[in-house]
Amino acid sequence: MALRDFRIPEFDAPPVELPVSEVDHDTTIVSMGPQHPSTHGVLRLMLKLDGETVVKLVPVIGYLHRGTEKLAESRTYTMVIPYTDRLDYLSSMYMNLGYVWAVEKLLGVEVPERARYLRTAVAELQRLASHLLWLASFSLDLGAATMFIYPFREREDILDLFEEICGARLTYNYIRFGGVMADVPAGWVERVEKYLTLQEQRFVEYENILTGNPVFVARNKGVGYISGADAINHGLSGPTLRGSGVDFDLRKHDPCDAYGDVEFKVCTAPEGDCFARYRVRMDEMRESIIIIRQCLAKMPEGDVLAKLPRAIKPPAGEAYARVEAPRGIFGVFVASDGSNQPLRVRFRSPSFVNLSALNQMCAGGKLADIVAVLGSIDIILGEIDR
Amino acid sequence: MTFDDLTTQLAKLTTGAEERDGVWHLTATPAKARALLETVRPAFDYPEDLTCVDDGEALRVLYRLYSLAERQVLHVHVPVPRVGGHLPTASDLWRGLEWHEREAFDLFGVVFDGHPDLRRILTWEGFQGHPLLKDFKVDNDDSSWHIPEQCDQEVVDLLEQA
């Protein structure tokens with residue numbers, strides 16, 4: 001048996017063409033999941049493999065389907081907010097925000113200035129928390145065990161800050177019709193600033209461990225490619241779309257709350273591979289810090305909740321709101337018939353659409369690359385299955 | 001492109017047109033839906049959403065399309081029969097609608113003709129009924145709600161043909 005060459009090739013070198021065995025060329029059907037640790041929840045991937053090469057991949061979803069849209073039709077408008085927390089449970093603030101904004105459009109309510117800035121600040125803190133958890137799990141998927149622990153350490157600080165404002169660490173129910181549940185406690189703004197200063201230093205640590213790491217780069221560069229045109233045609237969104245060089249961010253295209261009043265840049269990377277998506281998220285986290293600082297500095301004193309009747313009864317009609325969640329476009333469609341329960345609530349989840357392009361990104365690649373690609377598009381089954 | 005340009009161009013294909021809160025709304029019959037979508041495809045390149053709305057009496061399919069260059073949202077409403085509704089697929093125009101159409105089929109029972117892979121997506125293979133229709137009976141004691149042990153035959157067949 002010939003010895004395998006374990007040296008890592010130059011990053012941009014063309015892949016080595018290996019001779020294809022002509023003797024054994026059978027294909028195998030393999031079920032990956034729904035209990036596989038790298039499928040991030042209860043996702044099942046049915047694979048057709050030719051040796052180690054993926055011929056076709058079919059995601060099987062629905063294991064976490066709780067019928068949230070059906071449930072919403074038999075609850076009052078306010079009772080639906082906690083259900084949205086459980087869609088994308090790693091960015092519940094955005095789930096709250098999308099649904100609340102849609103109902104606010106129906107109600108035609110004006111959100112107080114302080115609440116607008118506060119919502120934007122907590123939403124960006126949520127993006128940081130979500131991207132940090134993605135960084136941890138993505139690194140673990142690729143075998144970097146140290147990087148699994150580091151971002152979790154910083155994410156705890158954000159969860160502590162959230163616990164201070166609403167008492168919950170994951171399912172917040174913080175953003176309400178016409179504002180937020182409660183104002184922030186004394187000293188909260190200073191504690192956020194203290195955390196942000198710490199976080200900025202920690203980014204250097206992450207980049208030192210990962211960005212130049214030959215193993216990490218070799219597992220990501222050129223893997224899971226999708227072109228910008230294909231990404232648009234598939235309806236991809238979030239870092240998965242911007243990692244293919246498409247400049248589309250709803251915080252600029254359709255800004256909600258105070259996003260129109262703060263300065264930041266949209267992060268893109270043109271390569272369309274896993275490394276580009278990694279690059280986009282790392283840059284986005286730094287932009288989040290810039291946004292949070294501006295929001296907290298500009299936030300005026302005043303009310304945080306508009307005056308609304310206890311029973312929410314929007315006039316008959318329909319509204320569609322969409323927010324740029326950490327994983328992409330989270331759209332909420334609410335139709336009202338004038339009663340105190342919605343006629344129809346629809347959640348357009350970003351991961352659902354991003355996952356539908358997985359076959360295109362993985363077919364022709366190796367089995368082990370699926371884990372990298374799946375990690376790089378950052379799916380959450382809670383919002384896929386709803 | 002303005003809303004008036006679009007409605008003049010599409011006058012023969014639509015049964016209603018309206019601009020509301022910056023969103024363009026067009027209504028079309030199932031027979032003309034495909035021609036309408038083909039016409040707007042070049043301008044509206046981003047398939048944002050597809051869903052259905054059932055109010056207990058009428059069912060309609062809602063396409064939400066977006067133009068990245070013009071930053072314009074277009075809603076296309078297509079009323080379909082509540083039971084046994086058929087529409088030509090639009091998943092060949094925008095690949096992103098493929099799973100949304102599967103979901104509309106699964107939860108509302110709208111059949112998209114010409115869809116490459118129209119299987120249930122959120123419920124399991126062999127599930128009876130379409131849960132998001134208003135007259136769907138929610139009954140926790142219904143034994144047909146128990147997931148069978150073998151419910152992946154369709155996927156295996158699909159892969160064996162690939």
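**Figure 1. Hairpin of S1(B) and S2(B) in the predicted model.** In this predicted model, strands S1(B) and S2(B) form a hairpin with 2 residues between them; Asp21(B), in the turn, has a positive phi of about 50°. Strands (E, at least two residues) and helices (H or I, at least four) are DSSP runs, numbered from the N terminus. Two strands pair if DSSP finds at least two bridges between them. S1 (residues 16-20) and S2 of chain B pair in the antiparallel sense over 5 bridges, and Glu19(B) has Trp24(B) in S2(B) as its bridge partner. Residues are numbered from 1 along each chain as its sequence is written, while chains are lettered from A and ligands numbered from 1 in the order in which they are written. Local features need pLDDT of at least 70 and side-chain atom pairs count only at pLDDT 80 or more, whereas totals for chains, interfaces and linings use all residues.

**Figure 2. The two faces of S2(B).** Side chains alternate along S2(B), residues 23-27. Which of them are buried? A residue is buried if 20 or more other C-beta atoms lie within 10 Å of its own, exposed if 12 or fewer, and partly exposed in between, with C-beta atoms placed from the backbone. S2(B) also runs parallel to strand S5 (residues 72-80) of chain B, joined by 5 bridges. In S5(B), Leu74(B) is the bridge partner of Trp24(B).

**Figure 3. The sheet S6-S7-S8 of chain A.** An open sheet is formed by 3 strands in the order S6-S7-S8 of chain A, with antiparallel pairing. S6 (317-325) and S8 of chain A are the edge strands, each pairing on one side only. Neighbouring strands of this sheet are turned by 10° against each other on average, direction ignored. Helix H3(A) packs on the sheet and touches S6 and S7 of chain A; the direction of H3(A) makes about 150° with that of S6(A). Axes are lines fitted to C-alpha atoms, for helices over the stretch in contact, and angles run from 0 to 180 degrees between N-to-C directions. S7 (residues 328-336) and S8 of chain A pair over 5 bridges, and Val332(A) stands opposite Phe347(A) in S8(A).

**Figure 4. Packing of helix H2(A).** In H2(A), residues 77-85, the buried residues are Tyr77(A), Val80(A), Ile81(A), Tyr83(A), Thr84(A) and Asp85(A). They pack against helix H1 (68-72), helix H3 (92-107), strand S4 (175-176) and strand S8 (344-348) of chain A. Contact here means that the C-beta atoms of two residues, placed from the backbone, lie within 7 Å.

Figure 5. Asp303(A) lies in the loop between helix H11 (274-298) and S6 of chain A. Is Asp303(A) buried or partly exposed? Asp303(A) is partly exposed because 14 other C-beta atoms lie within 10 Å. Not counting residues up to four places away in sequence, Asp303(A) touches Pro112(A) and Arg114(A). The C-alpha atoms of Asp303(A) and Met282(A) are separated by 35 Å, with the two residues 21 apart along the chain.

Figure 6. The contact takes 15 residues from domain 1 and 16 residues from domain 2. On the domain 1 side, S2 and S3 of chain A are the elements that give two or more residues, and S3(A) supplies the largest share, 6 residues. This side divides into 8 nonpolar, 5 polar and 2 charged residues. Ala, Val, Leu, Ile, Met, Phe, Trp, Tyr, Cys and Pro count as nonpolar, Asp, Glu, Lys and Arg as charged, and the others, Gly among them, as polar.

**Figure 7. Interface of chains A and B.** Here 33 residues of chain A are in contact with 28 residues of chain B. Elements giving two or more residues to the chain A side include strand S2 (44-50), strand S3 (53-60), helix H8 (228-233) and helix H12 (350-356) of chain A. The residues of that side are 15 nonpolar, 9 polar and 9 charged.
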